[in-house]
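Student: Can you walk me through how the inside of this protein is put together? I'd like to take the core and then the ring pairs.

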Amino acid sequence: MSDTERSLPAVRRLSYAAGHFLNDLCASMWFTYLLVFYHSVLGFQNTNAGVLLLVGQIADAICTPLVGYESDQTSGCGNYGKRKTWHLVGTLSVVVSFAFIFNQCLGCDPNTPQWASLIYFAPFIIIFQFGWAATQISHLSLIPELVTCEHAKVELTAYRYAFTVIANITVYALAYLLFHVQAGEDEDSLGPADTSIFRNLSLIVLGIGALFAAFFHLGTTESHNHRASKDSGGEERKRMEGEEEAEGERRPLLPSSSVSSSLLQWKCWLQQPSFYQVALLYMSTRLIVNLSQTYISMYLINTLGLPKKFIATIPLVMYVSGFLSSFIMKPVSKRIGKSLTYFVGLLLIMAFSYWVLLDGKMGQQIYGAAVLLGAGSATILVISLAMTAELIADQTQSGAFVYGAMSFTDKLANGVAVMMIQAMHPCHTVVCCPACVWFYHYVMVIVTGGVAVVAALALCSILIWPIRIRARGLQGVSDASTSVN
């Protein structure tokens, strides 16, 4: 077995994981602080703040599969590689747009109608979401191209998530410091005086993320996938078939568990039942992670009545616990399997939901609950990504489309869910009314424990019908007969 099949060198693992650091920094601010910033700081109505988040999620949902498809089809810029080319385009888009999102509307004053501010912020949000999608899909699509061993994929995904956790820890630690250094006279509540805190935080995030993106591009070498060019023309197909025939004697006698002699294009994936199983699991996972991250700040401030510094410290505790749990992901999944590891993560999520449900006036106990949520979220997210990589297997020529389709369901579901929650909000003022105390309490219960039930059902379907490529999706893909094991 080659080194690539086993694992990448440590430096290359680190450089790869650093490639999503800018995205993770921005996503942490986006999901944790967007609603808080626009509602509590800029004074937007609940529905208008939800509209901006929905615009971003819809833009991301549309861009993600399109970028995935184009990433599979294009050859990249010269010899730079198609995945790294799209990654660079996405990084530049994020850098030029993100700082405008967490800042006051330029040229606006207190008398500016909110609809005008919505029009101002929407283009920056759309550009940011395009760049975020391009970076995410190109980065995820590199996993099955860099390594082929299933445990190596889990390891690389765990490294990637470890950097995600470090990014979140960085954001919350910086937010904690900025709240202490630049806090106004009223230190227990958010208001317009805190605008500079979020603006400075976004600028620092962009600076740090740009450095890590440069490390990724310098340290990661994209291997050219010659199999993807097999469909570029008749002569190229014949040449590749000759190469595969010449390599036949070097292949193991036992067949692999995935289809290796046929190429699945994007239409063929739509005929695969496993594609929809993994999509449902991934969507449920992202709903738990993103919605809990989005509403944890509202829950801390409005339901528990904690000082505003807790919107930095509690998420920090969550991601420290997630960071620590990411290191044991590979040995645990190797011992008990990915499905059972995912189930353990779900149990932690459900324990958090039950704790929140029973304890309506949580004080310092919120730190213990945050540990459960952080560890559970890390576990289910890493394993869901590993299952997606397992679904793609050696079909890397259309891997970006698969990741794009998964993210499409995730982004659209998150946007719709947030808009529904915001529309049902019982208060119509900037200041929380008594009704919103119980509102955010049950929101946290439902977005964790309720969605975890859906994720458990998706997991059960995978246990009953394991992830594999079935022959029905191979019709018209290759003239060679294919057996699926």
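Student: Which residues touch the most other members of the largest nonpolar core?

Tutor: A nonpolar core is a set of buried Ala, Val, Leu, Ile, Met, Phe, Trp, Tyr and Cys residues joined through side-chain atoms within 4.5 Å. Buried means under 20% relative accessible area, with exposed over 50% and partly exposed in between (1.4 Å probe, protein chains only). This is a predicted model, where local features need pLDDT of at least 70 and side-chain atom pairs 80 or more, while totals for chains, interfaces and linings use all residues. Here the largest core has 135 residues, and the ones touching the most other members are Tyr-33, Ile-101 and Tyr-295.

Student: And which helix gives the largest share of this core?

Tutor: Helices (H or I, at least four residues) and strands (E, at least two) are DSSP runs, numbered from the N terminus. Residues count from 1 along each chain as its sequence is written, and side-chain values use heavy atoms, without hydrogens and water. The largest share is 15 residues, and it comes from helix 3 (residues 21-41).

Student: How are the rings of Tyr-38 and Phe-121 arranged?

Tutor: Rings of Phe, Tyr and Trp (its six-membered ring) pair if their centres lie within 6.5 Å; planes under 30 degrees apart are stacked, over 60 edge-to-face, the rest tilted. These centres are 5.1 Å apart with the planes at 85 degrees, so the pair is edge-to-face.

Student: How many residues apart in sequence are Tyr-172 and Tyr-319?

Tutor: Their ring planes are at 40 degrees, so this pair is tilted. Tyr-172 lies in helix 8 and Tyr-319 in helix 13, so the pair ties together parts whose separation in residues is 147.
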